[in-house]
Amino acid sequence: MYTLGHDFVPPGIHAGGLRYHGASPLLSHLVKLGYIDAKAYKQLPVFEAAIQFTRNEGILPAPESAHAIRAAMDEALAAREEGKSR
């Protein structure tokens, strides 16, 4: 099993619930094969993405989902800058 941020020590004000850094064996295998990659985000950019998503879609995502939203936003912005459709 892989870990992401196993040496990360959150500050005292860090939101709880996302402190387990292990990944499932299946997810770890997909990373190893290169099908997916893991990304780590700081708390503030994740919550900023959640706020933007809420304002645009009218849905308040959970913190865990907000991480995926941040990643999707970053991928969309990168595609726009590259001028490529993904």
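A: Start with confidence: pLDDT is the predictor's confidence in each residue, from 0 to 100. You need it here, as this is a predicted model.

Q: In which helix is confidence lowest, and in which is it highest?
A: Confidence is lowest in helix 1, residues 25–33, where the mean is 85. It is highest in helix 2, at 96. For the protein, the mean pLDDT is 83, and 73% of the residues reach 70 or more.

Q: How many helices and strands does the protein have?
A: The secondary structure comes to three helices and zero strands. Read from the N terminus on, the elements run α-α-α.

Q: How is a pair of packed helices described?
A: Two packed helices are described by the angle between their axes and by the distance between those axes. In this model, helix 2 covers residues 43–57 and helix 3 covers residues 63–82. They pack at an angle of about 85°, and their axes are 8 Å apart. Helix 2 is therefore roughly perpendicular to helix 3, because angles of 65 to 115 degrees count as roughly perpendicular.

Q: Which residues of helix 2 and helix 3 meet?
A: From helix 2, the residues are Pro-45, Val-46, Phe-47, Ala-49, Ala-50, Gln-52 and Phe-53. From helix 3, they are Pro-63, Ala-66, His-67, Ile-69, Arg-70 and Met-73.

Q: How many residues of each class does the contact of helix 2 with helix 3 have?
A: The contact has 10 nonpolar residues, two polar ones and one charged one.

Q: Is Arg-70 buried or exposed?
A: The general idea is a cut-off: a residue is buried when its relative accessible area is under 20%. Arg-70, in helix 3, has a relative accessible area of 12%, so it is buried.

Q: Which residues is Arg-70 in contact with, leaving aside neighbours within four places in sequence?
A: Arg-70 is in contact with Tyr-41, Pro-45, Val-46 and Ala-49.

Q: What does the loop between helix 2 and helix 3 hold?
A: Leu-60 is one of its residues. Exposed means over 50% relative accessible area, so Leu-60, at 70%, counts as exposed. Leu-60 and Ala-50 are 10 residues apart in sequence, and their C-alpha atoms are 7.0 Å apart in space.

Ile-59 lies in that loop too, and at 48% relative accessibility it counts as partly exposed. Not counting residues up to four places away in sequence, Ile-59 touches Phe-53 and Thr-54.

Ala-62 is found in this loop as well. Its relative accessible area is 36%, so Ala-62 is partly exposed. Ala-62 and Phe-47 are 15 residues apart along the chain, with 9.7 Å between their C-alpha atoms.

Q: Is Ile-51 exposed or only partly exposed?
A: Ile-51 has its place in helix 2. With a relative accessible area of 44%, Ile-51 is partly exposed. Ile-51 and Ala-66 are 15 residues apart in sequence, and 9.0 Å apart in space from C-alpha to C-alpha.

Q: What share of the protein is buried?
A: Buried residues make up 14% of the 86 residues. The accessible surface comes to about 6,800 Å², and 60% of that surface belongs to carbon and sulfur atoms.

Q: Among contacts between residues at least 6 apart in sequence, what percentage join residues at least 24 apart?
A: In this protein, 39% of those contacts do.

Conventions
Residues are numbered from 1 along each chain as its sequence is written. This is a predicted model: local features need pLDDT of at least 70, side-chain atom pairs count only at pLDDT 80 or more; totals for chains, interfaces and linings use all residues. Side-chain values use heavy atoms; hydrogens and water are left out. Axes are lines fitted to C-alpha atoms, for helices over the stretch in contact, and angles run from 0 to 180 degrees between N-to-C directions. Helices (H or I, at least four residues) and strands (E, at least two) are DSSP runs, numbered from the N terminus. Angles under 35 degrees count as roughly parallel, over 145 as roughly antiparallel, 65 to 115 as roughly perpendicular and the rest as oblique. Contact means heavy atoms within 4.5 Å. Ala, Val, Leu, Ile, Met, Phe, Trp, Tyr, Cys and Pro count as nonpolar, Asp, Glu, Lys and Arg as charged, and the others, Gly among them, as polar. Buried means under 20% relative accessible area, exposed over 50%, partly exposed in between (1.4 Å probe, protein chains only). Accessible areas come from the Shrake-Rupley method with a 1.4 Å probe; for residues, only the protein chains shown count as cover.
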